[in-house]
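Look at the structure first, then read the points below.

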Amino acid sequence: MIVDVGYKSEGMIALESGDPAVALASLATGDSDIMQPLDSADTRSAVKCYLALGAAIDCKPGLWRVKGTGGRLQAPDGVIDVGNSGTTLRFAAGSAALLAG
């Protein structure tokens with residue numbers, strides 16, 4: 001099923017945690033900046049997960065730039081280890097449902 005809402009939304013979203021920001025930016029179309037990201041083990045797990053699913057993520061101190069997939073994820077080459085991050089696991093499982101095939 002493909003849903004086309006027929007408009008483009010732009011703006012800024014403020015999130016408290018890094019995991020959801022990485023997931024949303026990775027699924028978005030175009031570039032997203034995550035400013036002052038929570039640099040934790042869980043957030044780094046999210047970065048590794050979405051890199052494996054095809055997002056391009058450049059992590060610099062204070063600013064992570066994400067080139068989103070537009071919801072067109074690629075199948076990972078192997079197992080994605082989310083570490084102990086339950087939030088990443090939940091977002092990744094839902095995101096994996098977007099994979100073709």
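V22 touches I34, T43, A46, V47, Y50, I57 and W64, leaving aside neighbours within four places in sequence. The model is a predicted one.

**The nonpolar core**
- V22 also belongs to the largest nonpolar core, which has 16 residues.
- V22, I34, Y50 and I57 have the most contacts inside this core.
- Two or more core residues come from each of α1, α2 (41-52) and β3 (63-67).
- In soluble globular proteins, nonpolar side chains tend to be buried together.

**C49 in helix α2**
- C49 sits in helix α2.
- Is C49 buried or exposed? Its relative accessibility is 0%, so C49 counts as buried.
- Beyond neighbours within four places in sequence, C49 is in contact with I80, T88 and A92.
- C49 and V79 lie 30 residues apart in sequence, yet their C-alpha atoms are 9.5 Å apart in space.

**Helix α1 against helix α3**
- Two packed helices are described by the angle between their axes and the distance between the axes.
- Helix α1 spans residues 18-27, and helix α3 spans residues 86-96.
- Their axes come within 9 Å and cross at roughly 20°. Angles under 35 degrees count as roughly parallel, so α1 is roughly parallel to α3.
- The crossing of α1 and α3 is right-handed.
- On the α1 side, the contact uses D19, P20, A23 and L27. On the α3 side, it uses T87, T88, F91 and S95.
- By class, this contact of α1 with α3 has four nonpolar, three polar and one charged residues.

Key
Residues numbered from 1 in each chain as written. Predicted model: local features only at pLDDT ≥ 70, side-chain atom pairs only at ≥ 80, totals over all residues. Heavy atoms only, no water. Axes fitted to C-alpha atoms, helices over the stretch in contact; angles between N-to-C directions. Helix = DSSP H or I, 4+ residues; strand = E, 2+ residues; numbered from the N terminus. Parallel < 35°, antiparallel > 145°, perpendicular 65-115°, else oblique. Left-handed = near helix turned anticlockwise from the far one by under 90°. Contact = heavy atoms within 4.5 Å. Nonpolar A, V, L, I, M, F, W, Y, C, P; charged D, E, K, R; others polar. Core = buried A, V, L, I, M, F, W, Y, C linked by side-chain atoms within 4.5 Å. Buried < 20%, exposed > 50% of the residue type's maximum accessible area, 1.4 Å probe, protein only.
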